[in-house]
Structures are given as C-alpha cells and as structure tokens.
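These are my notebook entries on one protein chain. I set down what I looked up, entry by entry.

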Amino acid sequence: MTDSRLVALQVLLDVLDKGRSLDAALAGRETVFSEPRDRAFCRTLAYGVLREHRRLGALRDRLLAKPLRRRDQDLALVLELGLFQLIHLHTPPHAAVSETVALTRTCHKAWAGKLVNAVLRRFLREKTALTARVDRTPAVAASLPDWLYQRLATDWPQQLESLLAAQNQHAPMVLRVNRRRSTHKAYQARLAEAGLEAHPLPGFADALVLAQPTPVTDLPGFAQGDCSVQDGAAQLAADLLDPAAGDRVLDACAAPGGKAAHLLERADVTLVALDSDPSRLERLDATLKRVGVGARSMAADAAEPSSWWDDQPFDRILLDAPCSGSGVIRRHPDIKWLRRAEDIARLTALQGRLLHALWPLLRPGGRLVYATCSVLEAENEAQAAAFARGRDDLRVVEPTLPVGTRLRYGQQIRTGESGVDGFYYACFEKH
Ligand SMILES: C[S@@+](CC[C@H](N)C(=O)[O-])C[C@H]1O[C@@H](n2cnc3c(N)ncnc32)[C@H](O)[C@@H]1O
C-alpha cells in the first residue's frame, strides 16, 4: 500500500514551494499508486488542503507557540493535512491524529511527532472558539489571498457569499457527447448500461453531468472519441461561434483543444488552431486525433499575425484568452496560490493586444467570440468594452446563453450558476 498522505504532502510541496500546477504535480506523483482507492484519497487531501490552505494555516499558526522555521515548511503542511482531516473528512479523530503523527516519521521529521500530536489534540479541544476566531477575517474564512478576495468583493458585492461558497465546492464531472458519433440521449443510455448515472443540463446541447466522477477509462467509447470531459460553460463557445460547413475558423489560443474539438464535432470547418505553447499543442493534437477530427495546428504568437497568417480572412475567430482562471478555482484550487495580484495587469494587457491583433483577420460579416474562464471584471466586461468602444466596424451580438448575467457587451457566468464554471463570453460581428 502506498502512503496517500505522504504523496499528498509531496504534491502540496510541489505546488506551494516549487510553484508547479496541481495537475502537473499529481501527474508526476500519482504513478506510484496501484490501488485506485489510495490515489483517490491522495487527491481528496491535495485538493482539499489547497482549497482550504489559508484557513488551515491560520488555525495552525494560532495553535503553535512559535512559528515553524522556513525549512520546516513540510511540517506546516503536515499540520494542515491533519487539520483538514479533522475538519472536513469523516476520519475518526484518533485515526487522523495518529496517522498525521506517523507522517512526521515518513517525512523524516520524527522529532516533531509530539508537537503534531499536541497541536491536533488542542485543536480538537478548542475547535469552536478557534474557528470562530479565524473566520472573523473574511479572506481567511474564504481561504483566499487578500488581493483576490478584494477583487471579488469589489466586482461582486451582491453575490459575493454564493460566489465564494461555489469556489470551494467540488465541481461535477461533465461530459461532452460527440455529435458525430451519437446523440446525447443515446450516449446517456450507454452510460446507464455501464452502470453510470448522468443527466442532461437544460440549455446545453451536448452536455451530460455524471452523478459521480469516474476515471475516463470507464466511460464507454472514450478512447474512440465518443465523448470528452468538458465543463458546460466551456461548451457554450461552440454555440456562440455557430460555424457553418466550409467556414474558415481560427482558434487563436487553442490548447489543450477542448473547444477546438467541439467546433470540429459540430461542423465541417477548416480550423486553424494556434497556441504559443508547443507542449500544450501536443495535447491538442492528441485530443483531435482521439475524437477523429483534424485541424492545422501551429505554435505561434496570436498577437503577431504577420508571423503566421496567410492573408486569408476568417469567418469565425475564437479568442479563448489566457486569463486569471478565477472562474475555475473550484477545479484548480492551486490557482489561488500560484496567481499573483500583478498577473492581472499583465493578463489584461495581453488580452487587449490579442483582441486588437485578431480583429483585422475577420472577414466583414464574420464573428469573433471573446471568452475567459474568469469572473474578474477587468478581464471581461471592462476588456470587451475597451475593445468595442469607438470601433465603427463592430456590432455587439447579444449572447443567447442559457446561464449568466447579460451585461452591455457580454455575458458573465458566475462559478456555480446552473452548476457550471465561471466564464465570460462576448460576441462581436464585423460589418
Ligand atoms: C484558456 S487557455 C485555452 C484553452 C483552449 N481554448 C481549450 O478549450 O482547450 C489559453 C491558451 O492561450 C495560450 N496563449 C497564451 N498566450 C498566447 C499567445 N500570445 N498566442 C497564442 N496562444 C497563447 C496558452 O498557452 C493557453 O494554452
């Protein structure tokens, strides 16, 4: 049996100390598991501690007589792992405490066993008063860095509570049924035959929500491309672009290829799929191959069309822009700790550059969809407004989305609305 707690600790150190993404850290570490149950427990711990990191850290710091040394960062996380199990899991308290003490030995800090035992036992005694105390600071209660909490509070004063709650909840596993292979009713029946319960999402043409997450290898026909995993909000890009057979479509920031594959499943278009990151493009190529469609994929900077564009205008352009990812924190809780306040100005500048560079590539009558998985106004409505204002060859197309708030330029979906991720879409036509 592999020690799930030890691997979770290594994953947390990879993310919080080395700045690796949670996905990359898990991919690098999970290969040690032979038992799916151990792997699942490791994931529960790693996701859970990253979701609650600030709050758990605040509790830990109140329980320690003096702060831990920098080189004992692993012990700080051992304590967070212990507190997480005591607060959020059904592990019996004595087992959570003794397993966490045992973890000090496996991570070669046996000297700290007594300290860990004392801290966790004191927590059990003083839990109510301690949690009430740390939760007085709203950013700690929400387990967010101050800068991100403040931005969300400014952008969403009325909806803040529900938005914060949704960000710390587990996201459902959503499938996209490949229309070229079957209808989503027929695929739902195939899932049922395989013992997997799923239900449609009203207004989302190709989506099925699984009642329980499951490894993709258990999904009928997954390897053959009969379905893909993709949140409902991300599936709306294809509805808005609404390409027709024969259209020339540009997916300007295309990797790892979820939306590109969806577009190609929908219509016989000629797709140019661009991304500046060649390693992510490899994942796009693999995805398109799996679902049985093809595109011209290119590693290039979408903001510099002179280096890759052949002067043939596009009928449709999708700009699924690099962004804060603040709308998908429930799926990627590492975003809270890996993003920095100063990233937002850099990202909004890049998004603006991309919009300006791509607009001339659209034919008159063509349509550009701007999308982000962000809930920050600066990346979304403010960005769309700055781009559209004063541009007399542009018409704002009202997005007809089944979810979200209609704004002057685009539509904002808050995380958790209709159960989907936080997303923003704006749709512009050229005349
Ligand atoms: C939100 S992700 C795209 C997700 C993708 N559309 C999908 O549905 O799977 C943004 C992508 O933009 C790429 N990117 C960032 N800057 C870029 C640039 N200047 N030109 C092209 N791609 C860029 C990143 O490498 C990243 O893969």
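Which residue in β13 is the bridge partner of Arg367? I found that Arg367 has Glu429 as its bridge partner in β13.

**Entry 1: basis.** I note that this is a predicted model, in which local features need pLDDT of at least 70 and side-chain atom pairs count only at pLDDT 80 or more, while totals for chains, interfaces and linings use all residues. Residues are numbered from 1 along each chain as its sequence is written, and side-chain values use heavy atoms, with hydrogens and water left out.

**Entry 2: the partners of β13.** Helices (H or I, at least four residues) and strands (E, at least two) are DSSP runs, numbered from the N terminus. Two strands pair if DSSP finds at least two bridges between them. I looked up β9 (residues 362–372), which runs antiparallel to β13 and is joined to β13 by six bridges. Strand β10 (residues 394–397) is also antiparallel to β13, with four bridges, and Arg395 has Glu429 as its bridge partner in β13. Strand β12 (residues 410–413) is joined to β13 by four bridges, again antiparallel; here Gly410 is partnered with Ala426.

**Entry 3: the side chains of β13.** In a regular strand the side chains alternate between the two faces of the sheet. In β13, I saw Phe423, Tyr425, Cys427 and Glu429 pointing one way, and Tyr424, Ala426, Phe428 and Lys430 the other way. Eight of the eight residues of β13 (423–430) are buried, where buried means under 20% relative accessible area, exposed over 50%, and partly exposed in between (1.4 Å probe, protein chains only).

**Entry 4: annotated positions.** The unreviewed UniProt entry gives a "binding site" annotation that includes Ala254 and Gly257. UniProt positions are in the numbering used here, feature names are shortened, and annotations may be inferred rather than shown by experiment. Ala254 lies in the loop between β5 (248–251) and α12 (258–266), and Gly257 lies in the loop between β5 and α12. Is Ala254 buried or exposed? Ala254 is buried, because its relative accessible area is 5%. Gly257 has a relative accessible area of 0% and is therefore buried. Contact means heavy atoms within 4.5 Å. Not counting residues up to four places away in sequence, Ala254 touches Ala273, Leu274, Asp275 and Leu284. With neighbours within four places in sequence left aside, Gly257 is in contact with Leu284, Thr287 and Leu288.

**Entry 5: helix α15.** I recorded buried residues in α15, among them Asp343, Leu347 and Leu358. What covers the buried residues of α15 includes β5 and β9.
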